[in-house]
Amino acid sequence: MSVQTEGTDTAGEPAVRKARIPGPPGSEDRGSGSPSRRGAAAPYLLLLPALLATLILLGWPLVKNGMLSFQNLNPRQLIQHLTEWNGGDNYKEVLSGSDFWHVVERSVVFTAVNVVLIMLLGTLIGLLLARLGKKMRLLLLLGLVLAWAMPVIAATTVYQWLFAQRFGVVNWVLDKLGWHSMADYNWFGSQFSTFSVITLLIVWQSIPFVAINLYAATTTIPRELYEAASLDGAGAWKSFTSVTFPFLRPFLYATTFLEVIWVFKAFPQIFAINEGGPDHLTETLPIYAFVEGVGNQHFGVGAAISFLTVLVLLVITSYYLRMVLKQEEDEL
Amino acid sequence: MKRKLAAAIVIAGMMVSVSACGGDDGKDTGKNAGPDSFKGQTLTVWTMDGSAPPQWSKDVQAAFEKKTGAKLKFEIQKWDGIQQKITTALSESNPPDVLEVGNTQTPAYAATGGLAELSDLKQEIGTDWTPSVSQSSVYDGKQYAAPWYFANRVVIYNKKIWAKAGIKDTPKTRDEFFKDLDTIGKKTDAEPLYMPGQNWYFFDGLTIGQGADLVKKDGDKYVSNLSDPKVAAAMEIYKKYASYSKAPKDKDEATPQQAQVFAKGKSGAFIGMGWEAGTAVQANKAIEKDLGYFTIPGATADKPEGVFLGGSNLAVAQGSKKQALAKEFLKIALSDQYEGELAKLNGVIPNKQALETNLKGNAVAEAAAPGASAGGTTPLIPEWAAVENTPNPIKSYMTSVLNGKSPADAAKQVEAEINKRLAQQN
Amino acid sequence: MKRSVFGRIWPNATAVILFVGFVFPVYWMFATAFKPTGDIISENPVWFPTNLTVGHFSKAVDADHFWTLVLNSVTVTVSAVLLSLVIALFAAFALARMRFRGRRGFIVTFMLAQMAPWEVMVIAIYMLVRDNDMLDSLVPLTVFYAIMVLPLTILTLRGYVAAVPKELEESAMVDGCTRTQAFIKVIFPLLAPGLMATSLFGFITAWNEFPLVLILNKDIEKQTLPLWLSQFQTAFGDDWGATMAASSLFALPILILFIFLQRKAVSGLTDGAVKG
């Protein structure tokens with residue numbers, strides 16, 4: 001952000017060059033100031049709509065939500081439009097219970113497991129796509145796109161049906177494969193099996209995004225780099241580590257960041273599959289906030305939990321955010 | 001102390017808004033308002049999916065529009081997220097004028113101040129309402145809703161399977177029932193009874209049959225009474241029932257729909273609402289001729305098993321600007337003519353004993369009616385609604401017991417959660 | 001270096017297995033939707049339904065106001081996506097092509113906006129919308145859906161803008177175009193695939209949204225399809241045939257859109273790379 005950056009930055013060139021090129025007549029009229037000042041205002045003007053929209057439509061609800069988190073807000077207060085401030089009581093209630101910390105721990109583990117699976121499998125499938133012949137690639141792309149495009153609510157319903165205790169096709173297959181105890185297995189009866197189904201669902205839906213984009217990214221790697229590598233006598237693995245991976249690294253960082261956010265915030269998948277059950281055991285932070293807040297109509301507490309949820313997410317992603325803030329060049 | 005204060009605020013709030021309404025719309029408060037004064041107004045009524053048969057709605061609408069000159073709009077609500085919907089709707093400046101509220105939910109909504117007081121109306125049209133069904137609409141000694149219709153569970157059985165097992169009569173006592181189920185288990189390859197582990201309203205009925213209370217007073221607040229031996233006794237009966245079934249121990253009767261499982265003709269019986277017979281027939285037409293019904297038998301032949309008396313009340317939103325018109329609607333909808341028609345069409349128990357003659361010839365309703373006399377509800381306190389929110393801790397309790405925990409241990413496991421929910425402020 | 005037979009076969013074999021794995025749930029949804037109930041509730045699954053029925057679909061479409069809901073969903077989704085694309089395009093251009101004070105701060109701001117827990121803010125949003133007398137309207141839905149997808153749209157579009165070779169824009173300007181003209185004539189056509197790809201995310205998010213519309217719009221004339229689908233599920237419980245038919249209907253528009261746009265987007269991207 002220093003002056004020096006602006007001077008040496010290549011992306012700044014067009015703006016500099018602009019001074020030499022006649023601007024549009026419209027902008028000439030108000031151009032009483034120096035051309036550079038006009039250029040300096042342009043990015044802010046371009047960003048203005050997005051910033052205003054974010055400020056009003058996201059910022060306002062966030063502030064409102066923050067205010068609610070300091071209120072005793074139940075159906076009675078909501079219906080009668082009463083405002084009852086109760087200081088930090090909601091936070092005290094949430095943070096002093098053991099539930100919250102269990103949920104935080106569970107959310108972090110859940111997110112980690114899913115993101116690792118998604119990134120690993122997604123990358124492998126993306127690289128496979130690059131290796132396939134045209135026809136097979138189209139076939140696999142079709143499969144990926146179909147899975148990706150399934151609306152979450154529909155996908156969740158389908159998974160409930162696939163894993164249904166009676167007549168579910170998964171239990172039937174396991175039974176036929178010789179796993180007879182699975183014939184009437186109830187997938188939603190225990191924490192681990194419920195999480196397994198949810199994980200499968202989320203990974204199934206998320207891999208396509210990673211794989212397809214990664215494949216698209218590999219196609220932009222200049223051929224010459226591989227040629228140069230093979231001239232140096234690099235094998236397949238070497239050219240992967242020395243060319244492909246470095247080229248994809250920023251992409252992988254950015255995608256991991258997005259997947260962390262998406263998995264951490266995953267709501268319909270978990271809620272619709274088993275409503276955070278059995279016994280609250282698959283509640284992650286957003287589900288916990290929803291069940292306590294909206295489900296139990298304890299809206300103030302729900303607001304407090306949702307605020308804490310954002311804080312936890314910020315801590316988890318802080319590494320990447322710091323990196324972006326510090327970095328000279330762009331990621332995506 | 002806090003509750004009283006809360007109540008005082010509610011009442012104060014209501015007085016303010018009632019007088020505000022009077023000031024806003026003078027002609028609306030007139031007691032003997034004739035047809036003209038309502039012209040041009042539209043009354044919105046929320047009913048739940050499946051509650052009001054189309055024929056009934058049509059008849060009531062015609063009668064209402066003729067008498068008042070106002071328009072009537074029924075809006076059918078789905079069950080999904082209904083709590084959020086009602087709570088938020090009651091907070092709006094333009095709420096539905098009349099709404100159907102589940103009987104166990106009514107005290108909680110009455111406590112929010114969102115429902116208008118209907119004590120006058122009860123004086124006028126409700127002196128002969130069956131006390132047990134009117135009770136849920138009373139909060140702090142005042143009437144906040146009008147009882148509409150009720151229903152309770154019966155045994156729905158497969159005549160073919162029972163005949164195959166050589167059973168001639170339907171059982172009159174619980175022990176006879178168990179004996180019959182044993183016979184079916186031995187003589188046929190059918191599952192004697194379909195009973196999932198979390199049919200919680202059936203369990204509630206059993207606790208009513210045992211005379212157990214699910215909550216008790218501790219000082220000025222309510223706490224769980226789940227560890228009461230009477231509750232344990234009810235749970236033991238439930239466990240015995242469940243032992244005749246292969247159904248999942250951690251699912252309720254809706255997942256999968258027990259009627260659909262029953263429709264396959266491989267279960268001897270299930271315990272459900274009368275309308276579930278229709279679900280079964282829809283899944284498998286062939287089952288229709290084999291369907292039979294009887295009252296859930298109790299310990300002795302003279303007293304049927306306790307049942308949960310589910311049902312709905314009609315309430316008027318406090319925020320409605322058409323209070324008088326809403327009451328006109330209630331007078332018509334709940335009149336003997338239309339209350340009787342509803343009972344007849346839907347086979348539900350009406351709000352007055354005298355109207356039960358309308359159930360003649362309806363096999364399900366005839367099986368249900370004796371049970372209703374031994375019926376009860378969940379605890380009628382505003383705090384109770386939160387206990388039943390998903391995930392319902394009592395359902396967890398049931399699953400634990402069925403999986404081998406002692407009722408006492410299982411109760412211990414969930415009581416903290418129940419108490420937490422009971423302690424939630426309104 | 002010649003690859004062994006195994007070396008040639010395994011990628012294809014893996015691809016086929018993966019294809020089956022990814023497609024199966026989608027296939028099973030459609031297959032179940034077309035099967036008569038007897039074949040659905042059957043001890044042995046019917047893998048390839050032969051006697052097909054559309055009974056489940058008619059049950060699904062039979063719902064009150066079905067077509068109103070379809071129209072609302074399409075209106076809200078398309079408007080939200082277009083709105084967010086337009087706003088995002090300006091922002092993405094600034095972030096990708098210009099250098100200015102606070103640029104990285106803006107990027108991080110949008111990354112943070114991406115984390116907003118919308119599902120649990122519904123009550124706050126509800127109160128704001130209620131107090132502004134905007135309930136039972138498609139407008140709040142549209143703008144909130146637009147803002148839900150805006151951050152990611154900006155961040156993704158920024159990548160596409162950056163991928164368009166700067167030299168093209170520069171040479172256009174050397175040819176006498178203004179910067180705006182250069183953008184419209186040169187960059188925008190190259191961005192089209194990127195815009196399409198980006199819009200997919202918006203489509204799927206807005207099409208799916210459920211908690212907000214549930215409490216904002218109680219008037220059935222102003223509701224959207226996700227409500228219908230979830231209520232359908234509750235009402236029909238384990239009637240898997242009808243539920244799958246409803247899911248199929250709900251998923252179909254997005255599936256078609258994806259197949260259509262994604263191919264364009266991916267091929268556009270790769271073509272661009274090859275030509276560039």
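Visitor: Before we start, how should I read the numbering and the model?

Guide: Residues count from 1 along each chain as its sequence is written, and chains are lettered from A, ligands numbered from 1, in the order in which they are written. The model is predicted, with local features needing pLDDT of at least 70 and side-chain atom pairs counting only at pLDDT 80 or more, while totals for chains, interfaces and linings use all residues.

Visitor: How many residues of chain C are in contact with chain A?

Guide: The size of an interface is often given as the accessible area lost when the parts come together. Here we count residues instead, calling two of them in contact if their C-beta atoms, placed from the backbone, lie within 7 Å. On that basis, 85 residues of chain C meet 81 residues of chain A. Helix α12 of chain C (residues 240-275) gives the largest share of the chain C side, 15 residues. Helices (H or I, at least four residues) and strands (E, at least two) are DSSP runs, numbered from the N terminus.

Visitor: And what is the chain C side made of, by class?

Guide: It has 61 nonpolar, 15 polar and nine charged residues. Nonpolar covers Ala, Val, Leu, Ile, Met, Phe, Trp, Tyr, Cys and Pro; charged covers Asp, Glu, Lys and Arg; the others, Gly among them, are polar.

Visitor: Where do the domains of chain B run?

Guide: Domain bounds come from an automatic or database domain assignment. For chain B, domain 1 is 2-150 + 311-369 and domain 2 is 154-308 + 377-422. Their centres, taken over C-alpha atoms, are 31 Å apart. Across the boundary, 14 residues of domain 1 of chain B are in contact with 13 of domain 2 of chain B. On the domain 1 side, α15(B) supplies the largest share, five residues, and the classes come out as eight nonpolar, six polar and no charged.

Visitor: In what order do the strands of the open sheet in chain B come?

Guide: Strands of a sheet pair through backbone hydrogen bonds, either parallel or antiparallel. Two strands count as paired if DSSP finds at least two bridges between them. In chain B, three strands form an open sheet in the order β10-β7-β11, with antiparallel pairing. β10 (269-272) and β11 (291-294) of chain B each have a single partner strand, so one side of each has no neighbour in the sheet. Between β7(B) (residues 154-158) and β10(B) there are four bridges, and B:Val154 has B:Gly272 as its bridge partner.

Visitor: What joins β8 to β9 in chain B?

Guide: Four bridges, with the strands β8(B) (215-218) and β9(B) (221-224) running antiparallel. B:Lys216 sits opposite B:Val223. Two residues lie between the strands of this hairpin, where B:Gly219 takes a positive phi near 65 degrees.

Visitor: Is α9 of chain A buried or exposed?

Guide: A residue is buried if 20 or more other C-beta atoms lie within 10 Å of its own, exposed if 12 or fewer, and partly exposed in between, with C-beta atoms placed from the backbone. Eleven of the eleven residues of α9(A) (152-162) are buried, so this helix is largely enclosed by the rest of the structure. Among them are A:Tyr159, A:Gln160 and A:Trp161.

Technical notes. Contact = placed C-beta atoms within 7 Å.
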